Amino acid sequence: MSERFAERAGSGQPTISDVARAAGVSKATVSHVLNGRVVVRPDTRERVMAAIRDLDYAPAETARSLTARKRGAEPDAKVDAAVPRLTTVGYVSVDYVACLDRMPEREERLQARTIIKAIGGPAANVAAVAAAIGRPWPISASLITSIGCDQESDWAAAELASRRVDLLVSRERRQGRLDRALVLVEADGRRTIVNEPSSLGEVDVLRFVEKTDPVGLTWCLHLEGFQAPVQIAALEAARLKGFRTSVQATGLPPAWVAANAPRVFAGADALFLHRETLAAIPGCPADPESAMAHLAALAAAAPPGHWPEVVTITLGAQGANVLSRGRGWDRVPAPDVNVVDKTGAGDAFVGAFLCAWLNGAPPQTAARLACAAGSLAGTRFGAQEIRPAADQLAALAGVPLPSPLAAHAPV
């Protein structure tokens, strides 16, 4: 950062004009980067994001909240039909992340190194990561969720808008306040999460499926595990209507999985599991390699349309196992990074995988990009603090960038 901007940043709250001058662009370009409504060239976007980081710039919450309140409760019909769409279903929370050297003992009082306010919720994290990656794997992201009428809810809506995620919220049912979560992060990156209960009315998702026509589009409806027991019927209806569907294991109740595993496998085109999920699947070995062999045998025996196109088991620092229908399974490694917070790493994996896969990338390629995204997410505190662009992910994953898929050149 130049001396002039260092002086400006220390004298008061930086403005959008400061960011524009630091990045060598217009204020309109900075606005395009923040609101995601106009595509910006990756190098230009990176200059703007670097200036935002250097200046520690944050748009005024009041203005952003007013903008967020104006966003419609239906998906944006103006998006290029060639751009895949991803609609995630789940809760949004305000996370208070406490960074600790260790977990406290009973009756002990510890002083955190810092406490960070961040936006959270698996479905929100998935949508934000997918929306951030950009060309040549563009995604139009939206989130079906429930938020309140308090300042925290408006703040979260504005944050998601800046991350290019449209909120699909029934305004007539907005009430109360945003859910909260406490995230205790230890020095080695392990975290303990305490969150308030949250659920969406079944009618919200069913109404979306009934009112939306995916014909001629690549459109994926994604459930976080917390919502699967309530929304599985809506997912099945979406698949019958022509949506692609996916389910993430985070939040899946083990007892419900044990009773409904065949229904989950039959209802999803992409299924994202983790080690802890395996023990809940009847007959499935807990060892990831043995589990993949078991699932591959089930996939081979499943009738057409009753098994996902791809199943992954995330393995943290060891990467992921990927089972593709008709292609067997592979182990995909994860890049080695310095982990400070594992919160949201699995969500970043899912968001990046869906982003690439919905744009036609082979499952193994999508998994390599996903492992890179999950690794990067662990290098910062907060689930949405790393939102890597396509070139950054591709470089870390060792994946060549294909030619841009969309016909419109970025500005």
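**Exercise 1. A salt bridge and its surroundings**

Are Asp269 and Arg239 buried or exposed? Determine this for the predicted model, and describe the contact between the two side chains.

*Solution.* 
Step 1. Both residues, Asp269 and Arg239, are buried.
Step 2. Their side chains form a salt bridge, with an N to O distance of 2.8 Å.
Step 3. The partners belong to distant parts of the chain: Asp269 is in the loop between α10 (254-267) and β10, whereas Arg239 is in helix α9 (residues 228-241), and 30 residues separate them.
Step 4. As a general principle, side chains of opposite charge can pair when their charged atoms come close.

**Exercise 2. Further salt bridges**

State how many salt bridges a search of the whole structure finds, then examine the pairs Arg331 with Glu289 and Arg190 with Glu186.

*Solution.* 
Step 1. The search of the whole structure gives 10 salt bridges.
Step 2. One of them joins Arg331 to Glu289, whose closest N and O atoms are 2.1 Å apart.
Step 3. This pair also links distant parts of the chain, since Arg331 lies in strand β13 (residues 328-332) and Glu289 in helix α12 (residues 288-301), 42 residues apart.
Step 4. The side chains of Arg190 and Glu186 meet in a salt bridge at 3.6 Å, N to O. Here Arg190 is partly exposed because its relative accessibility is 45%, while Glu186 is buried because its value is 14%.

**Exercise 3. An aromatic cluster**

Which residues form one aromatic cluster with Phe272? Classify the geometry of the pairs Phe272 with Phe349 and Phe353 with Trp357.

*Solution.* 
Step 1. Nine aromatic pairs are found in a search of the whole structure.
Step 2. In the pair of Phe272 and Phe349, the ring centres are 6.4 Å apart and the planes stand at 80°. Planes over 60 degrees apart count as edge-to-face, so the pair of Phe272 and Phe349 is edge-to-face.
Step 3. This pair connects strand β10 (residues 270-274), which holds Phe272, with helix α13 (residues 345-358), which holds Phe349, across 77 residues.
Step 4. Buried means under 20% relative accessible area. Phe272 is buried because its value is 3%, and Phe349 is buried because its value is 4%.
Step 5. For Phe353 and Trp357, the ring centres are 6.3 Å apart and the planes are at 40°, so the pair is tilted.
Step 6. Phe353 and Trp357 are four residues apart in helix α13, and therefore about one helical turn separates them. Phe353 and Trp357 are buried.
Step 7. Phe272, Phe349, Phe353 and Trp357 together make up one aromatic cluster.

**Exercise 4. Charges over rings**

What sits over the ring of Trp357, and what lies over the face of Trp155?

*Solution.* 
Step 1. Over the ring of Trp357 sits the charged end of Arg244, 4.2 Å from the ring centre. Trp357 is also a member of the aromatic cluster treated above.
Step 2. Lys117 lies over the face of Trp155, at 4.3 Å from the centre of the ring.

**Exercise 5. Strand β2 and its neighbours**

Identify the strands that pair with β2, giving the sense of each pairing.

*Solution.* 
Step 1. Strand β2 comprises residues 93-99 and is mostly covered, six of its seven residues being buried.
Step 2. With strand β3 (residues 114-120), β2 pairs in the antiparallel sense over seven bridges. Within this pairing, Ala98 stands opposite Ile115.
Step 3. With strand β6 (residues 179-185), β2 pairs in the parallel sense, again over seven bridges. Val94 stands opposite Arg180 in β6.

Definitions and conventions:
Residues are numbered from 1 along each chain as its sequence is written. This is a predicted model: local features need pLDDT of at least 70, side-chain atom pairs count only at pLDDT 80 or more; totals for chains, interfaces and linings use all residues. Side-chain values use heavy atoms; hydrogens and water are left out. Buried means under 20% relative accessible area, exposed over 50%, partly exposed in between (1.4 Å probe, protein chains only). Helices (H or I, at least four residues) and strands (E, at least two) are DSSP runs, numbered from the N terminus. Two strands pair if DSSP finds at least two bridges between them. Rings of Phe, Tyr and Trp (its six-membered ring) pair if their centres lie within 6.5 Å; planes under 30 degrees apart count as stacked, over 60 as edge-to-face and the rest as tilted. A charge sits over a ring if NZ of Lys or CZ of Arg is within 6 Å of the ring centre and within 35 degrees of the ring normal. A salt bridge is a side-chain nitrogen of Lys or Arg within 4 Å of a carboxyl oxygen of Asp or Glu.
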